[in-house]
Amino acid sequence: GPNMTQRTIGWDRVDAFGRGGNDRTHLYDTPGDDHFYAFEEYAVMQSSHLKAVVKGFEEIKASANDGGNDTAYLRQVNSVDRLFAANNLAEIIGPARNTVAYDFERVETQAKPGSTPTGTVEDIDFVLDNIGEWIV
C-alpha cells in the first residue's frame, strides 16, 4: 500500500515483487564478496550465503559498503537508456526503471546487441567496463 516499508534481515533468500506505481527497493551487501546483477525485468544481490531477488520495481538501488570485493553487473542496457557514473555510483537511467549501484569496486555494463546506449562518465573511484556498443 501507500508508504509501505518492508525490511528483512538475516534471511538466506528473499524474493520481492513490485506491483507498479512508484515501487522502490534498496539492496545491501554483506561483509564478503557480493555480486549485484541488474537485468531489464529483475535484479539479484548475491553472496556465498545470501540471495535477494527483486522484480517489478521502478527504482533499484544496491549498496556495497560492508566490505569484500563487490561487483555490479548492469545488463541488457537499451539504446533509450543512459549511463551516469561519478564518484562512487553508477546509474542506468531508463524510461521504465532506474538502477543505481553505490560503492562497488567494479561495475560492468552491457549493452543489448543492436543497442547503442549513451553515457556520461566523470571522475570515478571504481573500475568501469562497458561491454558492447556505447557512446560515452
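Strands here are DSSP runs of E, at least two residues long, numbered from the N terminus. T71 lies in one of them, strand 7.

Quick ground rules. This is a predicted model, so local features need pLDDT of at least 70, side-chain atom pairs count only at pLDDT 80 or more, and totals for chains, interfaces and linings use all residues. Residues are numbered from 1 along each chain as its sequence is written, and side-chain values use heavy atoms, with hydrogens and water left out.

Back to T71. Its relative accessible area is 7%. That makes T71 buried (under 20%; exposed is over 50%, partly exposed in between; 1.4 Å probe, protein chains only). Contact means heavy atoms within 4.5 Å. Beyond residues up to four places away in sequence, T71 touches D34, H35, F36, F104 and R106.

Now the core. A nonpolar core is a set of buried Ala, Val, Leu, Ile, Met, Phe, Trp, Tyr and Cys residues joined through side-chain atoms within 4.5 Å. The largest one has 26 residues, and F36, L74, F104 and V107 touch the most other members. Strand 7 gives the most to this core: three residues. F36 has contacts including L27, I60, T71, L74 and F104.

Last stop, N88. Where does N88 sit? In the loop between strand 8 (82-87) and strand 9 (89-93). N88 is partly exposed, at 24%. Leaving aside neighbours within four places in sequence, N88 contacts A101, Y102, D103, D125 and F126. Its side chain makes a polar contact with the side chain of D103, at 2.7 Å. Polar contact means a pair of N or O atoms within 3.5 Å; within protein, one must be able to donate a hydrogen and the other to accept it, and residues adjacent in sequence count only if both atoms are side-chain atoms.

Methods. Helix = DSSP H or I, 4+ residues; strand = E, 2+ residues; numbered from the N terminus.
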